[in-house]
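Look at the structure, then read on.

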Amino acid sequence: MISALRRPRVRRRHAATVLGLPPTVGLGVWRLALGVSALPWIGATVALAFGPGVAAAQDFSNPAPPWPPSGPGILAEGGLPGRKEAIAFEFCNTRWFGLPDLTTRALVLGAGWRAFRVAGGLSETGDPEIGWKGLGAAAGIADRFAGAAVRGVFRRDARAFGRSDGYEVGLGAWMEAAEALEVWTSAPQLWTQGASPPLRRGLELGVGLRSAQVKGWASHTSLVGLPGAGHSEHAGGLSFDSGPLAVWLTARDHPLRGGIGVSAEARRARVAAEIDGHPVLGETVRLSFGVRLGGAP
Amino acid sequence: MQALLSGLILVACAPPLRPIIAEIFYDAVGDDTGHEFVELFNPHPVALPLAGVRLEAGDGSGPGRWSLRWTGTAGDSVGPNRRFVIGGAQVPMVDASVTLDLQNGPDAVRLVWPDGGVERVGYGVHEFPEYACGSPAVDAPSGQSLARIPDAADQGSNAVDFRVATPSPGRANQPMRDLALIGGSLQLDPEQPAADARARLRGALVNRGATAVEAGAATLRGSEARAGGSLELFLAAIDRSLASGDTAAFDVEIGGLAAGRHTITVRLELAGDESPDNDSDSLWVRAGPGPLGITEIQFHPSSGEGEWVEVRNQLGVPLEVAGFSIADRHGTPGLVPGAGRLEPESLAVLAQDRAALLLRYPGLDTLRVWAASPWPSLNNTNDSSGAADLVVLREADGTSSDQVEYSAAGVPPGVPLERGGDGSWSASTEPAGSPLRPPRPLLPLAGPFEVEPRRFTAGSGRGRLAWALPWARARIAIDAYDLSGRRVAPIWPETSVAGRGETTWQLAELPAGLYLIVMRARVESGTETLAHGRAIRVEGSAP
């Protein structure tokens with residue numbers, strides 16, 4: 001018990017140092033921001049009790065394991081900043097359920113300095129009759145033990161009707177609850193205004209476990225905007241890292257389905273692909289190409 | 001022993017060693033005059049005189065209302081096991097011709113013998129016990145008599161001794177050997193088969209004789225009447241024995257009937273049958289399309305126009321519609337009154353409320369819109385069999401002209417069902433239907449599944465769903481999914497449809513967002529399946 005308290009204390013001192021604050025003040029800031037120290041454990045317990053899940057993305061949906069967060073796409077989409085600071089951009093292409101008239105193309109740029117993380121991106125989805133354009137931005141802080149960010153998206157319909165503009169703003173946060181155990185939460189649409197987003201997204205709670213080469217996660221997402229549509233969604237998965245290569249498997253419910261993704265890095269470039277199967281709708285294919293321009297590897 | 005004999009005498013309705021009343025016919029179909037009769041039967045081995053016996057009719061509406069109808073003369077007698085018929089001039093084998101003027105029940109007849117002996121037979125529900133012996137017999141319906149069965153039965157109660165029977169003056173009420181077809185039991189399944197299609201003929205028979213009929217002793221012969229003779233359809237042996245009073249059902253397959261009307265006759269053949277007049281029955285049936293066909297059914301109107309059914313003259317020559325009737329599965333046929341002439345291939349509408357229909361569709365040709373009364377109430381929801389109701393058109397003589405069993409599943413409210421060019425039924429491609437017009441031809445589709453429009457306003461709007469499948473018939477279901485792949489709303493429950501079809505869709509509870517409208521289809525007879533989706537956008541503000 002004593003040793004379990006000592007190790008986090010050392011790391012938190014480091015987190016406070018990164019923020020440029022006295023160690024004791026830094027510890028207090030984290031506890032104030034995320035609640036008492038028991039909160040992560042409660043979050044983890046809740047998430048495990050409800051089972052696995054992820055809130056579906058719609059604008060900056062890059063192929064990557066939902067946990068741990070990496071790259072600017074997940075920061076812009078879910079408000080979850082990565083541990084490592086880097087300047088990077090990603091180009092993503094998503095073909096939803098094999099429908100030729102429902103494709104998302106997105107360009108996301110991210111940057112980090114010390115604990116600060118920012119991301120911004122542009123996206124375009126669908127043909128002119130049903131589609132929309134999105135402008136997203138996110139800003140937050142993160143270190144090795146925790147992170148939090150605010151994110152927002154402005155959308156305009158491709159047909160640009162009078163009331164077609166819509167805004168959404170949300171938050172995301174994560175922290176290390178214990179050695180190799182992390183919890184996160186994301187509420188990407190806390191505030192919405194104007195035209196309704198194409199997909200309503202609820203509160204997501206997640207928990208991740210990691211070792212040197214294997215990571216696992218599970219999440220629970222509540223439903224919003226769909227009266228009578230049934231239960232919350234759950235998802236989970238595993239990812240395996242081997243040097244520059246990574247493979248991950250995902251599973252979701254309602255209906256039960258799964259996906260597989262793979263990524264590879266060479267020098268500063270990263271390519272990734274992911275296929276999500278659906279028993280009725282077919283496959284959603286995500287591709288991305290990204291370049292890291294600087295920062296930690 | 002004397003007490004026992006006294007008891008036996010007390011429970012008998014007829015005086016000993018007297019002829020007994022064996023049959024009463026008091027209510028002929030139509031005018032009773034000359035058709036009524038009372039049959040006496042002598043069950044004893046010696047001839048018995050009728051001199052002085054009085055036949056009286058009782059009016060059950062009050063006590064003591066007996067009136068004389070006939071008195072036996074010195075020359076009247078009944079031989080051993082013989083019958084004596086007292087009746088009107090129209091009664092065959094009558095022995096004493098007299099106008100009986102019997103009333104329908106609750107009434108009675110009685111024989112009053114010169115020595116004071118009396119036999120009473122009451123029928124109907126009586127208030128005064130003097131009009132019956134024991135409990136009165138049932139009141140026989142028009143055209144049927146009350147007959148003592150067996151002929152010598154005397155068990156102390158009219159209700160026990162007498163049954164409703166086919167009138168048989170001068171003949172035994174229960175022959176020793178008599179196998180009979182039960183009248184009206186013949187049925188063809190389906191009632192109106194397709195031309196040259198096989199069908200099943202069902203019916204029932206009863207052993208009315210006093211003795212059993214052995215297995216294999218009787219045969220059923222079915223034939224179809226044709227100009228210049230008849231064509232035998234089947235010959236089947238009754239392969240089970242039938243005790244007295246037993247009934248049996250039969251079910252035989254008959255070969256394909258050519259298109260048109262047919263008269264199918266079924267005859268029972270039994271050696272020694274004593275009542276040949278109940279051995280045959282016939283059925284009018286139609287195979288293939290009738291003169292008037294059903295082309296459109298509005299069973300759930302939403303604009304106050306009432307239910308209606310569109311029909312088409314399929315006869316090839318002008319057709320008088322008067323006398324046709326329309327019915328549902330269980331209801332009384334609604335008659336089409338008055339005169340109406342329909343040209344070949346012309347359409348007409350039979351309406352529940354003609355005035356309301358013409359108000360809803362002001363452009364209709366009023367000469368081809370007829371009210372049918374009483375209107376059959378067509379069901380709006382399916383029962384456990386998967387069908388909502390059956391619409392039946394019949395000619396004036398009751399022969400089926402067309403029958404359509406429909407399913408209400410997946411038919412949008414207010415939209416009629418319409419027969420397509422291939423004979424299949426589906427929801428009309430026009431939301432208000434097309435009374436007096438043929439179905440709108442469907443244009444080719446760019447893909448297997450289309451949704452129009454692709455952009456709606458939340459809470460309102462009506463769309464069109466169209467499909468073109470590689471099969472003639474299929475079962476399809478249409479659902480809405482959100483972008484995360486969750487099924488959020490059913491659009492159309494699984495429904496049997498033609499390979500090419502359309503329907504309307506009322507946007508209901510889908511909130512603003514982007515949705516995939518997905519059609520899942522499977523061939524109606526087979527295992528092939530497919531799914532196609534189209535994305536739509538529902539506009540609206542964020543809550």
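## Aromatic rings

A:Trp67, A:Trp174 and A:Trp184 form one aromatic cluster. This is a predicted model, in which local features need pLDDT of at least 70, side-chain atom pairs count only at pLDDT 80 or more, and totals for chains, interfaces and linings use all residues. Residues are numbered from 1 along each chain as its sequence is written, chains are lettered from A and ligands numbered from 1 in the order in which they are written, and side-chain values use heavy atoms, without hydrogens and water.

A search of the whole structure finds twelve aromatic pairs over all chains. Rings of Phe, Tyr and Trp (its six-membered ring) pair if their centres lie within 6.5 Å; planes under 30 degrees apart count as stacked, over 60 as edge-to-face and the rest as tilted. Two of the pairs are tabulated here.

| Pair | Centre distance | Plane angle | Type |
|---|---|---|---|
| A:Phe154 and A:Tyr167 | 5.2 Å | 45 degrees | tilted |
| B:Tyr26 and B:Tyr123 | 4.0 Å | 10 degrees | stacked |

B:Tyr26 and B:Tyr123 are 97 residues apart, and their pair links distant parts of the chain. Buried means under 20% relative accessible area, exposed over 50%, and partly exposed in between (1.4 Å probe, protein chains only). A:Phe154 is partly exposed at 25%. A:Tyr167 is also partly exposed, at 42%.

Charges come next. The charged end of B:Arg261 sits over the ring of B:Trp284, 5.4 Å from its centre. A charge sits over a ring if NZ of Lys or CZ of Arg is within 6 Å of the ring centre and within 35 degrees of the ring normal.

Terms used. Helix = DSSP H or I, 4+ residues; strand = E, 2+ residues; numbered from the N terminus.
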